[in-house]
Amino acid sequence: MDIERGKITAIMGPSGTGKTTLLKLIGGQLKPDTGTVHVDGENVHKLSQPALYDLRRRTMGMLFQSGALLTDLSVYDNVAFPLREHTKLPEVAIHHLVLLKLEAVGLRGARDLMPGELSGGMARRVALARAIALDPQMIMFDEPFTGQDPISMGVLVKLIHDMNHALSMTSVVVSHDVGETSSIADFIYVISDGKVIQSGTPMELKHSNSAWVQQFLGGVADGPVPFHYTADPLMEDLMQDAK
Amino acid sequence: MNIADKLQSIGCKALKRFERVGRGSLFLWQILLSLPYIMRRPVLLVRQLYYVGVQTLLIILVAGLFVGMVLALQAYIVLVDFGAEDSISLMVSLSILRELGPVFTGLLFAGRAGSALTAEIGLMKSTEQLSGMEMMAVNPLQYIIAPRFLAGVIAVPLLTSIFMAIAILGGFFVATEMLGIYEGVFWSQMQVNVDFYSDLMNGMIKSLVFGFVIVWIAVFEGYDCIPTSEGLGQATTRTVVHGSLAVLGLDFILTALMFNV
(Lines give C-alpha, C1' and ligand atoms only; values in the text may rest on other atoms or scores of the structure.)
Protein backbone atom coordinates (compact mmCIF):
# COMPACT_ATOMS: atom_id res chain seq x y z
CA MET A 1 0.00 0.00 0.00
CA ASP A 2 1.41 3.36 -1.02
CA ILE A 3 0.24 6.71 0.20
CA GLU A 4 1.24 9.46 -2.13
CA ARG A 5 2.53 12.81 -0.96
CA GLY A 6 0.17 15.75 -1.32
CA LYS A 7 -2.85 13.60 -2.16
CA ILE A 8 -5.94 12.55 -0.25
CA THR A 9 -5.85 8.80 0.15
CA ALA A 10 -8.93 7.10 1.53
CA ILE A 11 -8.99 3.76 3.26
CA MET A 12 -12.48 2.32 3.26
CA GLY A 13 -13.99 -0.87 4.52
CA PRO A 14 -16.62 -2.24 6.87
CA SER A 15 -16.39 -1.68 10.61
CA GLY A 16 -13.93 -3.90 12.42
CA THR A 17 -11.66 -4.62 9.47
CA GLY A 18 -8.67 -2.89 10.97
CA LYS A 19 -8.82 0.58 9.46
CA THR A 20 -8.10 2.36 12.71
CA THR A 21 -5.49 -0.28 13.52
CA LEU A 22 -3.80 0.63 10.27
CA LEU A 23 -3.60 4.29 11.30
CA LYS A 24 -2.19 3.28 14.68
CA LEU A 25 0.42 1.20 12.87
CA ILE A 26 1.39 4.15 10.72
CA GLY A 27 1.61 6.35 13.80
CA GLY A 28 3.76 3.79 15.61
CA GLN A 29 1.27 3.27 18.44
CA LEU A 30 0.97 -0.41 17.60
CA LYS A 31 3.62 -2.82 16.40
CA PRO A 32 2.91 -5.04 13.40
CA ASP A 33 3.32 -8.81 13.71
CA THR A 34 4.75 -8.92 10.20
CA GLY A 35 5.52 -6.33 7.56
CA THR A 36 6.94 -2.84 7.79
CA VAL A 37 5.64 0.72 7.72
CA HIS A 38 7.74 3.50 6.24
CA VAL A 39 6.93 7.16 6.79
CA ASP A 40 9.06 9.79 5.09
CA GLY A 41 11.62 7.10 4.31
CA GLU A 42 11.94 5.82 7.88
CA ASN A 43 10.80 2.46 9.19
CA VAL A 44 8.44 3.56 11.95
CA HIS A 45 8.88 0.46 14.09
CA LYS A 46 12.68 0.39 13.96
CA LEU A 47 12.97 3.88 15.47
CA SER A 48 13.96 4.53 19.07
CA GLN A 49 11.34 6.26 21.18
CA PRO A 50 12.88 9.76 20.90
CA ALA A 51 13.27 9.31 17.14
CA LEU A 52 9.67 8.14 16.86
CA TYR A 53 8.43 11.17 18.79
CA ASP A 54 10.58 13.36 16.59
CA LEU A 55 9.08 11.78 13.46
CA ARG A 56 5.56 12.28 14.82
CA ARG A 57 6.30 15.90 15.64
CA ARG A 58 7.76 16.63 12.20
CA THR A 59 5.45 14.71 9.95
CA MET A 60 2.25 13.48 11.52
CA GLY A 61 -1.01 14.87 12.74
CA MET A 62 -3.90 12.71 13.69
CA LEU A 63 -7.57 13.47 14.06
CA PHE A 64 -9.26 11.01 16.37
CA GLN A 65 -12.86 9.98 16.05
CA SER A 66 -13.72 11.50 19.42
CA GLY A 67 -11.54 14.54 18.81
CA ALA A 68 -9.40 13.55 21.80
CA LEU A 69 -9.34 17.13 23.06
CA LEU A 70 -7.80 17.58 26.48
CA THR A 71 -10.88 18.11 28.62
CA ASP A 72 -9.22 20.28 31.24
CA LEU A 73 -8.04 22.87 28.70
CA SER A 74 -10.08 25.43 26.78
CA VAL A 75 -10.34 25.37 22.99
CA TYR A 76 -7.62 28.00 22.77
CA ASP A 77 -5.25 26.10 25.07
CA ASN A 78 -5.93 22.85 23.25
CA VAL A 79 -4.76 24.33 19.97
CA ALA A 80 -1.87 26.05 21.71
CA PHE A 81 -0.83 22.81 23.44
CA PRO A 82 1.43 21.35 20.72
CA LEU A 83 2.94 24.78 20.06
CA ARG A 84 3.76 25.29 23.72
CA GLU A 85 5.18 21.79 24.05
CA HIS A 86 7.30 21.75 20.92
CA THR A 87 8.29 25.31 20.14
CA LYS A 88 9.93 28.08 22.08
CA LEU A 89 7.70 30.71 20.49
CA PRO A 90 6.76 33.68 22.65
CA GLU A 91 3.16 33.75 23.85
CA VAL A 92 2.32 36.57 21.38
CA ALA A 93 3.30 34.43 18.40
CA ILE A 94 1.39 31.46 19.81
CA HIS A 95 -1.65 33.70 20.22
CA HIS A 96 -1.48 34.70 16.55
CA LEU A 97 -0.94 31.16 15.34
CA VAL A 98 -3.80 29.77 17.43
CA LEU A 99 -6.20 32.42 16.17
CA LEU A 100 -5.19 31.75 12.58
CA LYS A 101 -5.65 28.01 12.97
CA LEU A 102 -9.02 28.48 14.62
CA GLU A 103 -10.01 30.95 11.91
CA ALA A 104 -9.20 28.28 9.32
CA VAL A 105 -11.76 25.93 10.89
CA GLY A 106 -14.21 28.75 11.54
CA LEU A 107 -14.11 28.57 15.32
CA ARG A 108 -12.15 31.67 16.29
CA GLY A 109 -15.21 32.83 18.20
CA ALA A 110 -15.32 29.62 20.25
CA ARG A 111 -11.83 29.95 21.66
CA ASP A 112 -12.90 30.37 25.29
CA LEU A 113 -15.25 27.38 25.36
CA MET A 114 -14.33 24.17 27.15
CA PRO A 115 -14.40 20.89 25.16
CA GLY A 116 -17.48 19.76 27.10
CA GLU A 117 -19.44 22.70 25.67
CA LEU A 118 -18.73 21.83 22.04
CA SER A 119 -20.91 19.79 19.71
CA GLY A 120 -19.33 16.70 18.16
CA GLY A 121 -18.68 18.47 14.88
CA MET A 122 -17.13 21.48 16.57
CA ALA A 123 -14.91 19.25 18.69
CA ARG A 124 -13.61 17.60 15.54
CA ARG A 125 -12.94 20.97 13.95
CA VAL A 126 -10.99 22.10 17.02
CA ALA A 127 -9.07 18.85 16.91
CA LEU A 128 -8.31 19.55 13.27
CA ALA A 129 -7.04 23.02 14.13
CA ARG A 130 -4.84 21.42 16.77
CA ALA A 131 -3.60 18.75 14.36
CA ILE A 132 -2.46 21.40 11.86
CA ALA A 133 -0.94 23.63 14.55
CA LEU A 134 2.57 22.40 13.83
CA ASP A 135 1.99 22.24 10.06
CA PRO A 136 2.54 18.49 9.69
CA GLN A 137 3.30 16.92 6.32
CA MET A 138 0.58 14.36 6.79
CA ILE A 139 -2.72 14.18 8.64
CA MET A 140 -4.53 10.97 9.43
CA PHE A 141 -8.28 11.23 9.87
CA ASP A 142 -9.94 8.46 11.83
CA GLU A 143 -13.60 8.25 10.77
CA PRO A 144 -13.99 12.03 10.45
CA PHE A 145 -17.61 11.84 9.24
CA THR A 146 -19.09 9.25 11.59
CA GLY A 147 -22.02 10.46 13.64
CA GLN A 148 -22.12 13.95 12.14
CA ASP A 149 -25.22 15.80 11.02
CA PRO A 150 -25.30 16.72 7.31
CA ILE A 151 -24.09 20.29 7.89
CA SER A 152 -21.11 19.33 10.06
CA MET A 153 -20.35 16.57 7.59
CA GLY A 154 -20.33 19.09 4.74
CA VAL A 155 -18.09 21.40 6.75
CA LEU A 156 -15.63 18.62 7.50
CA VAL A 157 -15.55 17.43 3.90
CA LYS A 158 -14.82 20.96 2.74
CA LEU A 159 -12.19 21.49 5.44
CA ILE A 160 -10.30 18.30 4.66
CA HIS A 161 -10.38 19.05 0.95
CA ASP A 162 -9.38 22.71 1.28
CA MET A 163 -6.65 22.14 3.83
CA ASN A 164 -5.11 19.43 1.77
CA HIS A 165 -4.82 21.77 -1.18
CA ALA A 166 -3.99 24.97 0.67
CA LEU A 167 -1.25 23.43 2.82
CA SER A 168 -0.21 20.80 0.26
CA MET A 169 -0.46 18.13 2.92
CA THR A 170 -0.82 14.42 2.61
CA SER A 171 -4.17 13.27 3.95
CA VAL A 172 -5.13 9.75 4.93
CA VAL A 173 -8.85 9.40 5.52
CA VAL A 174 -10.17 6.27 7.15
CA SER A 175 -13.90 6.07 6.68
CA HIS A 176 -16.87 3.99 5.70
CA ASP A 177 -18.91 6.93 4.49
CA VAL A 178 -18.78 6.14 0.81
CA GLY A 179 -20.30 9.29 -0.69
CA GLU A 180 -18.38 11.88 1.29
CA THR A 181 -15.10 10.06 1.07
CA SER A 182 -15.16 9.39 -2.64
CA SER A 183 -16.10 13.02 -3.32
CA ILE A 184 -12.74 14.25 -2.01
CA ALA A 185 -10.38 11.28 -2.28
CA ASP A 186 -7.74 11.09 -4.99
CA PHE A 187 -7.18 7.40 -4.42
CA ILE A 188 -9.09 4.77 -2.49
CA TYR A 189 -8.08 1.49 -0.89
CA VAL A 190 -10.92 -0.82 0.02
CA ILE A 191 -9.93 -3.24 2.75
CA SER A 192 -11.69 -6.14 4.39
CA ASP A 193 -10.39 -8.54 7.04
CA GLY A 194 -7.06 -6.78 7.01
CA LYS A 195 -6.50 -7.23 3.26
CA VAL A 196 -6.68 -4.76 0.40
CA ILE A 197 -9.59 -5.94 -1.73
CA GLN A 198 -9.36 -3.28 -4.39
CA SER A 199 -7.73 0.06 -5.00
CA GLY A 200 -8.08 2.85 -7.51
CA THR A 201 -9.51 6.27 -8.10
CA PRO A 202 -13.13 6.80 -7.05
CA MET A 203 -14.14 6.49 -10.73
CA GLU A 204 -12.33 3.18 -11.19
CA LEU A 205 -13.95 1.74 -8.07
CA LYS A 206 -17.40 2.77 -9.21
CA HIS A 207 -16.92 0.62 -12.28
CA SER A 208 -15.29 -2.22 -10.40
CA ASN A 209 -16.51 -5.67 -11.36
CA SER A 210 -16.04 -7.09 -7.88
CA ALA A 211 -19.41 -8.01 -6.38
CA TRP A 212 -18.05 -7.34 -2.90
CA VAL A 213 -16.96 -3.79 -3.75
CA GLN A 214 -20.26 -3.09 -5.42
CA GLN A 215 -22.14 -4.30 -2.37
CA PHE A 216 -20.03 -2.09 -0.12
CA LEU A 217 -20.26 1.03 -2.26
CA GLY A 218 -23.97 0.57 -2.89
CA GLY A 219 -24.80 -0.29 0.70
CA VAL A 220 -26.73 -3.43 -0.28
CA ALA A 221 -28.01 -5.51 2.63
CA ASP A 222 -27.32 -8.96 1.22
CA GLY A 223 -24.60 -10.15 -1.11
CA PRO A 224 -21.09 -11.54 -0.78
CA VAL A 225 -21.29 -10.25 2.78
CA PRO A 226 -24.35 -12.20 3.91
CA PHE A 227 -27.18 -10.62 5.86
CA HIS A 228 -27.29 -13.55 8.28
CA TYR A 229 -24.54 -14.26 10.73
CA THR A 230 -23.47 -17.89 10.35
CA ALA A 231 -26.00 -20.12 12.12
CA ASP A 232 -27.75 -23.49 11.92
CA PRO A 233 -30.83 -23.50 9.69
CA LEU A 234 -33.73 -21.76 11.38
CA MET A 235 -36.01 -24.84 11.38
CA GLU A 236 -33.41 -26.96 13.15
CA ASP A 237 -32.87 -24.28 15.78
CA LEU A 238 -36.60 -23.95 16.47
CA MET A 239 -37.13 -27.71 16.63
CA GLN A 240 -34.30 -28.02 19.12
CA ASP A 241 -36.09 -25.63 21.48
CA ALA A 242 -39.31 -27.60 21.07
CA LYS A 243 -37.56 -30.74 22.27
CA MET B 1 -13.74 -30.35 33.82
CA ASN B 2 -10.89 -32.72 34.49
CA ILE B 3 -7.82 -32.03 36.55
CA ALA B 4 -5.60 -31.17 33.60
CA ASP B 5 -7.99 -28.46 32.47
CA LYS B 6 -8.23 -27.06 35.96
CA LEU B 7 -4.47 -26.96 36.32
CA GLN B 8 -4.21 -25.26 32.98
CA SER B 9 -6.69 -22.56 33.90
CA ILE B 10 -4.96 -21.95 37.21
CA GLY B 11 -1.65 -21.72 35.38
CA CYS B 12 -3.15 -19.28 32.89
CA LYS B 13 -4.47 -17.05 35.63
CA ALA B 14 -1.18 -17.12 37.48
CA LEU B 15 0.70 -16.23 34.31
CA LYS B 16 -1.62 -13.29 33.71
CA ARG B 17 -1.03 -12.06 37.24
CA PHE B 18 2.72 -12.26 36.81
CA GLU B 19 2.48 -10.52 33.47
CA ARG B 20 0.62 -7.67 35.12
CA VAL B 21 3.19 -7.42 37.88
CA GLY B 22 5.86 -7.26 35.19
CA ARG B 23 4.02 -4.58 33.26
CA GLY B 24 3.50 -2.63 36.46
CA SER B 25 7.20 -2.76 37.30
CA LEU B 26 8.22 -1.66 33.82
CA PHE B 27 5.65 1.11 34.07
CA LEU B 28 7.16 2.28 37.35
CA TRP B 29 10.60 2.31 35.77
CA GLN B 30 9.31 4.43 32.91
CA ILE B 31 7.65 6.84 35.33
CA LEU B 32 10.90 7.25 37.21
CA LEU B 33 12.70 7.97 33.94
CA SER B 34 10.02 10.56 33.09
CA LEU B 35 10.34 12.48 36.36
CA PRO B 36 13.02 14.96 35.18
CA TYR B 37 10.49 16.35 32.72
CA ILE B 38 8.65 17.95 35.65
CA MET B 39 11.57 20.34 36.09
CA ARG B 40 10.54 21.89 32.77
CA ARG B 41 6.87 22.13 33.73
CA PRO B 42 6.65 22.60 37.50
CA VAL B 43 3.16 24.03 37.14
CA LEU B 44 1.88 20.52 36.34
CA LEU B 45 3.18 19.25 39.67
CA VAL B 46 1.74 22.18 41.59
CA ARG B 47 -1.69 21.61 40.07
CA GLN B 48 -1.62 17.91 40.95
CA LEU B 49 -0.43 18.65 44.47
CA TYR B 50 -3.56 20.73 44.80
CA TYR B 51 -5.79 17.98 43.45
CA VAL B 52 -4.39 15.03 45.36
CA GLY B 53 -3.08 16.88 48.40
CA VAL B 54 -5.17 19.91 49.26
CA GLN B 55 -8.43 18.33 48.26
CA THR B 56 -7.76 15.32 50.49
CA LEU B 57 -7.04 17.59 53.43
CA LEU B 58 -10.58 17.87 54.79
CA ILE B 59 -11.19 14.14 55.16
CA ILE B 60 -7.75 13.77 56.76
CA LEU B 61 -8.45 16.53 59.28
CA VAL B 62 -11.85 15.18 60.29
CA ALA B 63 -10.68 11.57 60.47
CA GLY B 64 -7.55 12.53 62.40
CA LEU B 65 -9.49 14.53 64.95
CA PHE B 66 -11.90 11.72 65.70
CA VAL B 67 -9.27 8.99 65.74
CA GLY B 68 -7.29 10.99 68.30
CA MET B 69 -10.35 11.62 70.42
CA VAL B 70 -11.50 8.01 70.41
CA LEU B 71 -8.02 6.80 71.16
CA ALA B 72 -7.80 9.03 74.22
CA LEU B 73 -11.09 7.69 75.52
CA GLN B 74 -10.09 4.08 75.01
CA ALA B 75 -6.66 4.66 76.52
CA TYR B 76 -8.26 6.20 79.58
CA ILE B 77 -10.62 3.25 80.06
CA VAL B 78 -7.71 0.80 80.07
CA LEU B 79 -5.21 2.90 81.98
CA VAL B 80 -7.45 4.15 84.76
CA ASP B 81 -7.74 0.61 86.16
CA PHE B 82 -4.00 0.63 86.76
CA GLY B 83 -3.98 4.20 88.00
CA ALA B 84 -1.84 5.05 85.01
CA GLU B 85 -4.17 7.53 83.33
CA ASP B 86 -1.34 10.08 83.31
CA SER B 87 0.28 8.02 80.58
CA ILE B 88 -2.67 8.61 78.30
CA SER B 89 -0.66 10.95 76.06
CA LEU B 90 1.99 8.29 75.65
CA MET B 91 -0.47 5.73 74.40
CA VAL B 92 -2.21 8.21 72.10
CA SER B 93 0.94 9.66 70.59
CA LEU B 94 2.82 6.38 70.13
CA SER B 95 -0.06 4.61 68.42
CA ILE B 96 -0.72 7.64 66.23
CA LEU B 97 2.90 8.25 65.26
CA ARG B 98 3.93 4.67 64.77
CA GLU B 99 0.84 3.10 63.25
CA LEU B 100 -2.44 4.89 62.94
CA GLY B 101 -1.18 8.08 61.34
CA PRO B 102 0.51 6.48 58.34
CA VAL B 103 -2.00 3.63 57.98
CA PHE B 104 -5.14 5.73 58.28
CA THR B 105 -3.79 8.38 55.95
CA GLY B 106 -2.79 5.69 53.47
CA LEU B 107 -6.23 4.08 53.52
CA LEU B 108 -8.05 7.39 53.22
CA PHE B 109 -5.70 8.54 50.48
CA ALA B 110 -6.27 5.35 48.50
CA GLY B 111 -10.02 5.82 48.78
CA ARG B 112 -10.16 9.54 48.12
CA ALA B 113 -7.25 10.44 45.84
CA GLY B 114 -6.15 7.04 44.49
CA SER B 115 -9.55 6.18 43.08
CA ALA B 116 -9.87 9.66 41.57
CA LEU B 117 -6.46 9.32 39.91
CA THR B 118 -7.37 5.95 38.40
CA ALA B 119 -10.73 7.19 37.16
CA GLU B 120 -9.21 10.34 35.67
CA ILE B 121 -6.41 8.57 33.83
CA GLY B 122 -8.70 5.74 32.74
CA LEU B 123 -11.19 8.20 31.33
CA MET B 124 -8.39 10.00 29.50
CA LYS B 125 -7.45 6.66 28.02
CA SER B 126 -10.98 5.78 26.95
CA THR B 127 -11.54 9.21 25.38
CA GLU B 128 -8.29 8.77 23.42
CA GLN B 129 -6.68 11.76 25.12
CA LEU B 130 -3.59 9.71 25.92
CA SER B 131 -3.30 8.42 22.35
CA GLY B 132 -3.93 11.91 21.06
CA MET B 133 -1.10 13.20 23.16
CA GLU B 134 1.21 10.48 21.90
CA MET B 135 0.38 11.41 18.33
CA MET B 136 1.15 15.04 19.14
CA ALA B 137 4.55 13.74 20.17
CA VAL B 138 3.93 14.55 23.83
CA ASN B 139 4.69 11.59 26.05
CA PRO B 140 1.69 11.08 28.35
CA LEU B 141 3.99 9.42 30.86
CA GLN B 142 5.81 12.70 31.21
CA TYR B 143 2.91 15.06 30.92
CA ILE B 144 0.14 13.17 32.73
CA ILE B 145 1.53 10.32 34.79
CA ALA B 146 4.80 11.63 36.23
CA PRO B 147 3.37 14.81 37.82
CA ARG B 148 0.52 12.83 39.40
CA PHE B 149 2.90 10.21 40.69
CA LEU B 150 5.30 12.69 42.24
CA ALA B 151 2.46 14.76 43.68
CA GLY B 152 1.12 11.66 45.45
CA VAL B 153 4.52 10.69 46.81
CA ILE B 154 4.99 14.20 48.19
CA ALA B 155 1.42 14.62 49.45
CA VAL B 156 1.04 11.44 51.51
CA PRO B 157 3.84 12.16 54.04
CA LEU B 158 2.58 15.75 54.38
CA LEU B 159 -0.98 14.59 54.91
CA THR B 160 0.28 12.00 57.38
CA SER B 161 2.05 14.62 59.45
CA ILE B 162 -1.09 16.75 59.48
CA PHE B 163 -3.14 13.70 60.49
CA MET B 164 -0.70 13.00 63.34
CA ALA B 165 -0.81 16.57 64.59
CA ILE B 166 -4.58 16.88 64.53
CA ALA B 167 -5.06 13.43 66.09
CA ILE B 168 -2.79 14.29 68.99
CA LEU B 169 -4.63 17.58 69.43
CA GLY B 170 -7.91 15.66 69.45
CA GLY B 171 -6.52 13.33 72.10
CA PHE B 172 -5.26 16.33 74.05
CA PHE B 173 -8.68 17.93 73.96
CA VAL B 174 -10.45 14.83 75.24
CA ALA B 175 -7.81 14.09 77.87
CA THR B 176 -7.72 17.57 79.36
CA GLU B 177 -11.27 18.80 78.88
CA MET B 178 -13.25 15.60 79.39
CA LEU B 179 -11.05 13.33 81.46
CA GLY B 180 -9.36 15.86 83.69
CA ILE B 181 -5.71 15.12 82.88
CA TYR B 182 -3.39 18.07 83.52
CA GLU B 183 -2.08 19.76 80.39
CA GLY B 184 1.47 19.75 81.67
CA VAL B 185 1.33 16.05 82.41
CA PHE B 186 -0.02 15.32 78.94
CA TRP B 187 2.78 17.15 77.12
CA SER B 188 5.65 16.21 79.43
CA GLN B 189 4.82 12.48 79.24
CA MET B 190 4.98 12.76 75.48
CA GLN B 191 8.15 14.83 75.50
CA VAL B 192 10.02 12.35 77.67
CA ASN B 193 8.90 9.12 76.08
CA VAL B 194 8.45 9.77 72.38
CA ASP B 195 11.63 9.51 70.37
CA PHE B 196 12.06 11.68 67.32
CA TYR B 197 13.82 9.06 65.22
CA SER B 198 12.42 5.73 66.29
CA ASP B 199 8.83 6.95 66.55
CA LEU B 200 8.19 10.00 64.40
CA MET B 201 10.71 9.31 61.65
CA ASN B 202 9.73 5.66 61.32
CA GLY B 203 6.13 6.76 60.93
CA MET B 204 7.12 9.20 58.24
CA ILE B 205 9.16 6.57 56.41
CA LYS B 206 6.12 4.34 56.46
CA SER B 207 3.97 7.07 55.01
CA LEU B 208 6.49 7.67 52.24
CA VAL B 209 6.41 3.97 51.32
CA PHE B 210 2.62 3.88 51.47
CA GLY B 211 2.28 6.97 49.31
CA PHE B 212 4.69 5.55 46.74
CA VAL B 213 2.85 2.24 46.51
CA ILE B 214 -0.66 3.73 46.45
CA VAL B 215 0.00 6.21 43.63
CA TRP B 216 1.94 3.58 41.73
CA ILE B 217 -1.07 1.28 41.89
CA ALA B 218 -3.48 4.12 41.12
CA VAL B 219 -1.72 5.46 38.02
CA PHE B 220 -0.95 1.98 36.74
CA GLU B 221 -4.53 0.80 37.10
CA GLY B 222 -5.72 3.90 35.26
CA TYR B 223 -3.16 3.59 32.49
CA ASP B 224 -3.62 -0.16 32.10
CA CYS B 225 -7.42 -0.28 32.39
CA ILE B 226 -9.72 -1.65 29.72
CA PRO B 227 -11.11 1.53 28.20
CA THR B 228 -14.79 0.79 28.72
CA SER B 229 -17.11 1.94 31.48
CA GLU B 230 -16.99 -1.55 32.99
CA GLY B 231 -13.21 -1.79 32.80
CA LEU B 232 -12.86 1.63 34.33
CA GLY B 233 -15.12 0.71 37.24
CA GLN B 234 -13.13 -2.45 37.89
CA ALA B 235 -9.85 -0.56 37.73
CA THR B 236 -11.06 2.02 40.25
CA THR B 237 -12.21 -0.71 42.61
CA ARG B 238 -8.89 -2.53 42.23
CA THR B 239 -7.01 0.65 43.12
CA VAL B 240 -8.86 1.00 46.41
CA VAL B 241 -8.73 -2.71 47.28
CA HIS B 242 -5.13 -3.36 46.28
CA GLY B 243 -3.99 0.00 47.61
CA SER B 244 -5.56 -0.61 51.01
CA LEU B 245 -4.30 -4.19 51.24
CA ALA B 246 -0.82 -3.08 50.21
CA VAL B 247 -0.83 -0.46 52.96
CA LEU B 248 -1.85 -2.99 55.61
CA GLY B 249 0.54 -5.67 54.42
CA LEU B 250 3.48 -3.32 54.11
CA ASP B 251 2.70 -1.86 57.50
CA PHE B 252 3.21 -5.24 59.09
CA ILE B 253 6.50 -5.79 57.29
CA LEU B 254 7.80 -2.30 58.05
CA THR B 255 6.82 -2.52 61.71
CA ALA B 256 8.59 -5.87 62.03
CA LEU B 257 11.72 -4.40 60.43
CA MET B 258 11.72 -1.06 62.25
CA PHE B 259 11.01 -2.12 65.77
CA ASN B 260 13.18 -5.25 65.78
CA VAL B 261 10.48 -7.47 67.19
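This is a predicted model: local features need pLDDT of at least 70, side-chain atom pairs count only at pLDDT 80 or more; totals for chains, interfaces and linings use all residues.
**Notebook: salt bridges and the A–B interface**

I started with B:R238, which comes out as partly exposed at 26% relative accessibility (buried is under 20% relative accessible area, exposed is over 50%, partly exposed lies in between, with a 1.4 Å probe and protein chains only). Residues are numbered from 1 along each chain as its sequence is written, chains are lettered from A in the order in which they are written, and side-chain values use heavy atoms, leaving out hydrogens and water.

**Entry 1: who pairs with B:R238?**
I found B:E221 at the other end of a salt bridge, with the closest N and O atoms 3.0 Å apart (a salt bridge is a side-chain nitrogen of Lys or Arg within 4 Å of a carboxyl oxygen of Asp or Glu). The pair links distant parts of the chain, 17 residues apart: B:R238 sits in helix α9 (229–258) and B:E221 in helix α8 (196–224). Helices here are DSSP runs (H or I, at least four residues), numbered from the N terminus. B:E221 is buried, at 3% relative accessible area.

**Entry 2: a pair inside one helix.**
Next I looked up B:E19 and B:R23, whose side chains meet in a salt bridge at 3.3 Å, N to O. Both are in helix α1 (3–34) of chain B, 4 residues apart, about one turn of the helix. B:E19 is partly exposed at 48%, and so is B:R23 at 35%.

**Entry 3: over in chain A.**
A:R84 and A:E91 form a salt bridge too, 2.7 Å between the closest N and O atoms. I also spotted a network of salt bridges linking A:R5, A:D40, A:E42, A:D54, A:R57 and A:R58. Over all chains, the structure holds 22 salt bridges.

**Entry 4: where the chains touch.**
I got 18 residues of chain B in contact with 24 of chain A (contact means heavy atoms within 4.5 Å). About 1800 Å² is buried between them, 53% of it from carbon and sulfur atoms; buried area is the accessible area (1.4 Å probe) that two parts lose on being put together, summed over both. B:E128, B:M135 and B:M136 supply 38% of what chain B buries against chain A, more than any other three residues.

How many salt bridges are there between chain B and chain A? I count 1: B:R41 with A:E85, closest N and O atoms 2.8 Å apart.

Definitions and conventions. Helices (H or I, at least four residues) and strands (E, at least two) are DSSP runs, numbered from the N terminus.
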